[in-house]
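Welcome, and please open the model in your viewer. We will go from one selection to the next and look at what is there.

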Amino acid sequence: GEILGVAGVSGNGQSELAEALAGLYHLKKGRIAISGKDITRMPTSERYSLGMAYVPGDRRDIGCVQSLEIAKNSILGRLDEFVKSNKVFLDEKKIDSHAREIVSIYDVRTPNVKIQTGKLSGGNLQKLILGRELSRNPLILVVEQPTRGLDVGAIEFIHSRLLDARKGGAGVLLISA
């Protein structure tokens, strides 16, 4: 239920901190815990299952797969939740419905959820990624440079969603330069 801000000069380790928390880097020292459970050596997928979500500072190269459609990007890291009962094939209707919900709630400006994610503007891409991560209802949200390069309207929208996450009980780590 709080937002903790970490600020510093760009290049002084903020990205490395966020990526270590998300499980993209292994720690040499220290410990990371969620609700008292040590997650230091856990892979990213297990961290996510315990309630962590991550919005990277590099939305184009780390935050999405630009060549994939919006619908598929909306379920990155959650494929197991979007398979048919046979556990073999993806449930395209469920995926599309999930993506349309994110697009609607997070005001992602796109003609449809089938276009390539790389065609979105920076602000719309950021809203898609934030929506994807918040749709997990995380306990902890690590957000790196969430408003870098965005217009005033998108900045206000992102800020309001981070405040909503806080009001909903999530702990938000906001990392910014």
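Leaving aside its neighbours within four places in sequence, which residues is Asn-73 in contact with (heavy atoms within 4.5 Å)? Select Asn-73 and you will find Cys-64, Val-65, Leu-68, Thr-117, Leu-128 and Arg-132.

Before going further, a word on the ground rules. This is a predicted model, in which local features need pLDDT of at least 70 and side-chain atom pairs count only at pLDDT 80 or more, while totals for chains, interfaces and linings use all residues. Residues are numbered from 1 along each chain as its sequence is written, and side-chain values use heavy atoms, with hydrogens and water left out.

**Stop 1: Asn-73**

Stay with Asn-73, which is found in helix α3. Helices here are DSSP runs of H or I with at least four residues, strands are runs of E with at least two, and both are numbered from the N terminus. Asn-73 has a relative accessible area of 1%, so it is buried (under 20% relative accessible area; exposed is over 50% and partly exposed lies in between, with a 1.4 Å probe and protein chains only). Now show the side chain.

**Stop 2: helix α5**

Next, select α5, residues 122-134. Twelve of its 13 residues are buried, so α5 is largely enclosed by the rest of the structure. Among the buried ones are Leu-125, Lys-127, Leu-128 and Arg-132. What covers them? The cover of the buried residues of α5 includes α2, β4, α3, α4, β5 and α6.

**Stop 3: the aromatic pair**

Now select Tyr-106 and Phe-157. The structure holds one aromatic pair (ring centres of Phe, Tyr or the six-membered ring of Trp within 6.5 Å; planes under 30 degrees apart are stacked, over 60 edge-to-face and the rest tilted). Tyr-106 and Phe-157 form this pair edge-to-face, at 6.3 Å centre to centre and with 80° between the planes. Tyr-106 lies in the loop between α4 and α5, and Phe-157 in helix α6, so the pair ties together parts that are 51 residues apart in sequence. Both residues are buried.

A charge sits over a ring if NZ of Lys or CZ of Arg is within 6 Å of the ring centre and within 35 degrees of the ring normal. Lys-127 lies over the face of Phe-157, 5.4 Å from the ring centre, and the charged end of Arg-161 sits over the ring of Tyr-106, 5.3 Å from its centre.

**Stop 4: strands β4 and β5**

Switch to β4 (52-55) and β5 (140-144). They pair (DSSP finds at least two bridges between them) in the parallel sense, over four bridges. Tyr-54 has Val-142 of β5 as its bridge partner. In β4, Met-52 and Tyr-54 point one way and Ala-53 and Val-55 the other, and all are buried.

**Last stop: two loops**

Finally, select Asn-137, in the loop between α5 and β5. Asn-137 has a positive phi of about 55° although it is not a glycine, and it counts as exposed at 65% relative accessibility. Then pick Ser-35, in the loop between β2 and β3. Ser-35 has a positive phi of about 50°, again without being a glycine, and is exposed at 72% relative accessibility.

Note on methods. Contact means heavy atoms within 4.5 Å.
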